[in-house]
Amino acid sequence: MSDEDDCPPLCDMDTKHDSNGEEDEWEVAEEQNEPVKCLFCDTISPTMTVAIRHAKQAHDFDLAGVRRRFHLDEYSYIKMINYIRREKPGPEQFKTPVGSSLPWADDKYLQPVANETWLMFDLDELDEIMLNNGGSGGGNVGGNGGSGGEKENGNDIGETMTLTTDQYRKLQGIINDLTAQLREKENLLQHAASSIEKMKESFRNVLAEQQQPGGAKEENGKVSAEDGVGGERKLEQIKRKLEHCVSSVSLDDDQSYFNTYSHFGIHHDMLSDEVRTSSYRDAILRNADIMKDKTVLDLGCGTAILSMFAARAGAKEVVSVDQSDIIYQAMDIVRKNNIDNIRFVKGRLEDTELPVEKVDIIVSEWMGYFLLFEGMMDSVIYARKRYLREGGLILPNRCNISIAGYGDLERHNEFIGFWKNVYGFDMSCMKKEVLREATVEVCNPEHIITNANIIANFDLMEVDVDCPNFSYDFELTVKRDTQLTALVGYFDTFFELPEHIEFSTSPYSRPTHWKQTIFYLEEPVPVREGQSINGKFVCRRDPKDVRSLFINIEVLNMVLKYTLN
């Protein structure tokens, strides 16, 4: 079957226009066909006009009068509607002014109510509705004008109302911007609360050390081998320090993350990534002397490929941990290959007791897109603090993140410009939301137009769970006259062993399944050879999803906001 057979024919969008020439007007029929629930009772009206009339007749709630009385603009109208929906006040509260402070003055009432038709109403249309219904400013909506209020301007009331495209987009943009502002404020509040809790924890630790001078010791971020009550206390302290990361998420809520690794396709992608897998193999097998007779923890073992490398290198015992159901296939794989010194533990490390007290080496392929996405570094840190023996190793032991300027006009037009004309329809209202999502793609090195800056370094023997929260003032130098369309992020990974191994996910290196992370600009920006592009890169955990990231980039007089989730 041809492509033409698969795709239904499209209407010709260019040959006909509205006979009145009103090309800017768009009837939002789909939205207005949704029933409108009264603000004060369960009555459902077919249109907003009918709903306004019902509120006046049944509850003496005159929207036009309320608008004048409280000087409502678009923002305060949105807050009032959300206040009514949340707090359920009586209509009498809106009959007289309430002083200098309105009940809906709090910014929390900017949070839009899902599928709320009242929020889609344009206050600028209110006067026209009043006029068409024969009412004056505070008169009876739909009063004596027309036939019993069943007609508008001499015509039957339909189930749509007319909004201009600009009016609809303006209101939609206001709601989207307010939602983004609230989410950012919530993010800042979460980080402030986290900082306060850490200060309290530090103070508690100082007191505990003063009261227990002979208690258990912690060296290099690991619990010492001293047992007894002191060791248990230190374990509890570790868990408290990690309470604002992955371990704070209930296993039920976190299970969807592990379920993604139960599918075989993702393991095929990782195993067939030769850069990734051969780097781990070479780091382990070429440094077999380090592995020999050691107890190794394979964290997030998957198909157990790293466990089998460690066993082949002479490890005395390998403990392989994974919460995903892929661990059952890993057991079969190990049995098929006649390897008898690998012990499997199904569970999330933070919720599981291992069959060994300490390990000599932790090996884990924990890196996500842009290195930090998925938050698995948290589990590596927990493993280091809880199980790694003094003098032990983590493989890999160091990573860094870099950014560079990118100038691929063709790809920018394909991805961002695409929404301007989708089979003859203008979907450019999608662009702002599309831009909020950082994308993962393989970048063409020919379009890297600046030098790179390393914006973060992570020593796995030293970092703590706050490491995803960092900022960096960058300076990128343009290599040629062109246009900047995005910033590109990637990471490098190091096994600093006697036989040194490293690999990169840079656009200049062989592609990996991590690819690169692209932060697109809304519009290309002309730049000149030798120009310095100065800015600030800020990375934060998403407080509502600790495996996800918020990225803010201040550059070229713009503040760009992205998510990795």
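**Close-up views of a predicted model**

**View 1. Thr512 and its neighbours.** Leaving aside residues up to four places away in sequence, Thr512 touches Asp273, Val275, Ser504 and Thr505; contact here means heavy atoms within 4.5 Å. This is a predicted model, in which local features need pLDDT of at least 70 and side-chain atom pairs count only at pLDDT 80 or more, while totals for chains, interfaces and linings use all residues. Residues are numbered from 1 along each chain as its sequence is written, and side-chain values use heavy atoms, with hydrogens and water left out. You will find Thr512 in the loop between strand S19 (501-504) and strand S20 (516-527); helices (H or I, at least four residues) and strands (E, at least two) are DSSP runs, numbered from the N terminus. Thr512 has 7% relative accessibility and so counts as buried (buried is under 20% relative accessible area, exposed over 50%, partly exposed in between, with a 1.4 Å probe and protein chains only).

View 2. The model holds 19 aromatic pairs, where rings of Phe, Tyr and Trp (its six-membered ring) pair if their centres lie within 6.5 Å, and planes under 30 degrees apart count as stacked, over 60 as edge-to-face and the rest as tilted. One of them is the stacked pair of Phe94 and Trp104, at 5.6 Å centre to centre with 20° between the planes. Both partners sit in the loop between helix H5 (74-87) and helix H6 (126-132), ten residues apart. Phe94 and Trp104 are both buried. For another pair, look to Phe370 and Phe537: their ring centres are 5.8 Å apart and their planes at 35°, so this pair is tilted. Phe370 belongs to the loop between strand S12 (359-363) and helix H15 (377-387), and Phe537 to strand S21 (residues 532-542), so the pair ties together parts 167 residues apart in sequence. Phe370 and Phe537 are buried too.

**View 3. Arginines over aromatic rings.** The charged end of Arg386 sits over the ring of Tyr387, 4.7 Å from its centre; the rule asks for NZ of Lys or CZ of Arg within 6 Å of the ring centre and within 35 degrees of the ring normal. Arg398 lies over the face of Phe494, 4.0 Å from the ring centre.

View 4. The largest cavity has a volume of about 40 Å³, the volume being the space filled by probe spheres set on grid points joined across faces, edges and corners. On a 1 Å grid over the protein atoms alone, a cavity is a set of points where a 1.4 Å probe fits but cannot get out, and lining residues have an atom within 4 Å of a point. The lining is made up of Trp366, Leu371, Leu372, Phe373, Gly375, Met376, Met377, Asp378 and Pro468.

View 5. Leu395 and Pro396 are joined by a cis peptide bond, with omega about -5°. Pro396 lies in the loop between strand S13 (388-395) and strand S14 (398-406). Tyr423 is not a glycine, yet has a positive phi of about 55°. Tyr423 is in the loop between helix H16 (409-415) and helix H17 (431-436), and is exposed, with a relative accessible area of 58%. Leu556, also not a glycine, has a positive phi of about 50°. Its place is the loop between strand S22 (545-555) and strand S23 (558-564).

Methods
1 Å grid on protein atoms, 1.4 Å probe; cavity = no way out; pocket = protein on both sides within 12 Å on 5 of 7 lines; lining within 4 Å.
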